[in-house]
Amino acid sequence: MTDDTNRISRRTVVKTSGVAVAAGLAGCSGSDDGSDGIQLLHAWSEGDGNAAIAALIEGFQEEHPDIEFSEDPVDGAARSNLDQVISNRLQSNDPPSTFQTWPGKTLEKFGDAYADIEGDVWNDDLKNNYRSGPQEQAQLDGTYVTVPINIHRINNLFYNTAVVEEAGVDPTSWSSPSDVVDGCAQISEETDAVPFAHQTSSAWSTSQLWETVFLAMAGADGYDDFLNGEGDESTVEDALANVVELEEYFPGNSSSIGFTEANTMVQEGEAAFIHQGDWAAGAYSGNDSFNYGEDWDYVPYPGTSGSYLLNMDSFPYFDDNPTPEDTKTFLSYCGTTDAQIRFNREKGSIPPREDADVSQLNQFQQDQFDHFTNADAQPPSIEHGLGVVPQVKTNISEAFSAFIESYDAGATAGDLVGAFN
Amino acid sequence: MRNPLTVLKRLVSDSGDARTDGGTASSGTSLLSRDSIRSAPFWLPPFLLVGLFVYGAILWNVVLSLTDFQGLGDPNYGDLDFENYVVAFDGGTPSWTDYSIDPIWNATQNTVVLMVAFAIVCLALGLLLAILVDQQIRFENTFRTIYLLPMSLSFVVTAKFWLYMYDYNTGLVNIALGAFGFGPIEIVQNPDLKLAAVAFALIWQYSGYAMVVYLAGLRAIPSSHFEAARVDGASTIRMYWRVIIPQLRTATVSALVVLVVFSLKAFDFLFSMYGGYNPGPSADILATQMVREAYGNQNWAYGSSIAVVLFLMALAVVAPYIYSQYRQGQL
């Protein structure tokens with residue numbers, strides 16, 4: 001009897017584990033074949049980005065209730081992780097409908113996988129209403145393959161007005177990067193605040209600071225030459241030397257803090273300036289006692305007032321698309337003012353369309369939009385992947401991770417100009 | 001329902017006559033009654049799975065490293081050469097890209113320095129802690145747990161934690177240095193201290209592990225050895241140096257292997273500490289360079305060849321251990 005019971009239970013165990021193994025294997029092979037909706041992969045799994053993508057999809061579904069959506073956030077380390085997922089899926093010939101990516105030269109990474117959407121999506125309406133800079137970034141070797149949804153500006157200098165006034169400096173009167181260094185010296189003398197809040201635990205903040213200073217020194221044409229691999233090494237080095245001068249005014253613990261901590265220093269009045277993309281302002285808008293025009297203000301980084309240094313997100317179209325028509329409908333929607341206002345209201349950036357009605361955006365965004373529509377040049381950011389191909393971007397990132405160790409302007413200038421070889 | 005193997009065995013063996021001599025069996029029966037075959041349902045599936053997914057993947061990676069695979073698409077296995085290894089050692093511009101590629105020397109040097117420093121200090125510290133904890137002290141279990149606890153943290157937590165510890169303004173390390181009249185000093189991005197700072201944090205995390213391994217080793221030594229050494233008039237230092245530590249050889253080797261493998265995996269730590277796979281030239285290790293080449297630049301084949309170098313380094317450490325275990329008949 002006992003023996004029997006044992007045998008039954010053993011059999012049950014075998015059966016159960018068999019079923020479990022089968023289920024496990026099924027889980028391995030299972031894919032999203034079940035759902036036919038648009039597969040939109042993105043890394044906006046929290047914060048303003050998450051609110052923005054939710055608002056965008058809500059707006060799309062109001063207009064197209066018949067089109068299903070299987071939105072797929074890719075959690076983890078933001079964009080690099082997302083790119084790995086896309087890369088793996090493309091290797092196995094299973095691309096999603098679209099995903100969040102930087103436009104411009106970053107598109108070369110998956111270049112062959114994209115398809116032309118001129119006409120279907122990039123019709124005359126879009127071509128007439130996107131400014132030339134963003135429109136250029138939507139193309140890969142002259143072919144329209146992606147739809148930019150927003151623009152973050154990189155060349156901003158934000159400041160805490162109380163600290164700046166206490167020191168008696170007036171950033172609005174500055175016209176060159178060296179004025180920033182002089183101003184920081186004055187802040188350092190007159191107040192207890194850190195003059196220039198900046199993080200150096202990773203290289204990206206310093207890289208985008210350099211590209212802003214370089215844009216100021218070389219002008220939009222000189223900047224463009226650099227992107228074409230013909231940068232003037234002495235100007236590159238001058239810009240780096242300016243960053244080295246600024247380094248004296250970084251927080252002492254800049255290598256242990258991240259962007260959020262640096263930005264908080266400005267809000268708390270512990271620091272005067274911060275150079276950042278306009279997502280820094282997004283953090284201020286969540287702070288009720290820190291208001292635009294009163295407690296904080298900004299200027300285009302001195303020397304770059306005629307330029308709008310672009311960082312954009314976009315949704316490209318894959319050739320081997322699982323939902324061709326629905327994806328095109330979605331991308332067309334992303335090109336509308338309605339979509340761009342919904343998205344950017346949450347994201348804190350501005351719409352790429354010139355005809356967007358920005359009255360629904362906050363005052364800071366409206367001012368930025370005003371700058372954008374009046375900007376003479378809209379150069380693409382290097383650090384944010386628009387201006388250079390991924391291999392060059394990696395070389396530049398390596399150069400800056402060495403720069404923030406040693407602050408050797410001469411060696412780094414050689415590395416930066418050599419990054420294109 | 002009978003065990004299918006038994007049924008199968010009967011089907012084969014029933015064909016023969018019953019044996020009375022207890023000797024010569026037919027070859028079919030003998031094959032099926034071998035222990036190795038009878039136990040196949042237990043060892044074969046895991047053997048095949050491990051073979052395919054571990055050793056098969058390693059082999060595939062080696063083959064991949066001989067191709068020119070870059071970007072999207074499929075690797076071309078028809079054209080294999082050692083170009084990637086030449087590039088890895090000499091640098092230059094390989095045939096599959098327009099850009100010059102960094103050689104691996106800098107990362108290899110950092111990897112070896114990190115590995116050796118981390119392993120040796122960890123073992124020394126672990127041994128010291130084990131000897132101290134082994135002195136029949138009060139709260140022995142508490143101390144043991146305290147020393148071992150950091151190991152339960154993930155590299156991500158440790159990295160963020162040490163980023164604060166090394167903070168120039170408020171970090172405990174700089175405050176401690178200040179108490180002795182030094183500093184404060186820049187640590188996290190200081191090219192001279194970066195790698196040492198990483199090694200120190202890893203030592204903090206893993207010396208507890210070395211302690212536990214040594215403690216087990218110490219407990220396995222009969223107390224008569226201690227007593228005999230004492231009776232013969234050995235001092236404490238001499239007793240440990242001449243009698244006890246030589247008996248900890250096995251413990252040392254097994255702890256060493258685990259520690260070295262951990263140090264090769266310091267990627268997570270650097271990734272968290274420096275916000276990505278670009279920790280800068282003075283802390284760049286093979287693992288970060290591998291990921292940068294493979295996923296940042298899509299130089300898959302070149303990334304694979306770095307992985308092979310990393311694998312050989314791990315093997316160089318593990319293989320002598322496995323061989324000595326084999327020699328002692330423990331495998």
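**Note on the predicted two-chain model**

1. In this predicted model, residues 1-7 of chain A keep a pLDDT under 50 and have zero contacts beyond four places in sequence. pLDDT is the predictor's confidence in each residue, from 0 to 100; two residues are in contact if their C-beta atoms, placed from the backbone, lie within 7 Å. Over residues 24-34 of chain A, pLDDT also stays under 50, with two contacts beyond four places in sequence. Where pLDDT is low, the predicted coordinates should not be read in detail.

2. The mean pLDDT of chain A is 88, and 89% of the residues score at least 70.

3. Chain A has 16 helices and eleven strands, taken as DSSP runs numbered from the N terminus (helices H or I, at least four residues; strands E, at least two). Of its 421 residues, 51% are buried, that is, with 20 or more other C-beta atoms within 10 Å of their own, C-beta atoms being placed from the backbone. Among contacts in chain A with a separation of 6 or more, 77% join residues 24 or more positions apart.

4. At the interface, 28 residues of chain A are in contact with 28 residues of chain B. On the chain A side, helices H3 (78-91) and H15 (390-406) each supply at least two residues; H15(A) gives the largest share, ten residues.

5. Residues are numbered from 1 along each chain as its sequence is written, and chains are lettered from A in the order in which they are written. Local features need pLDDT of at least 70 and side-chain atom pairs count only at pLDDT 80 or more, while totals for chains, interfaces and linings use all residues.

Technical notes:
A residue is buried if 20 or more other C-beta atoms lie within 10 Å of its own, exposed if 12 or fewer, and partly exposed in between; C-beta atoms are placed from the backbone.
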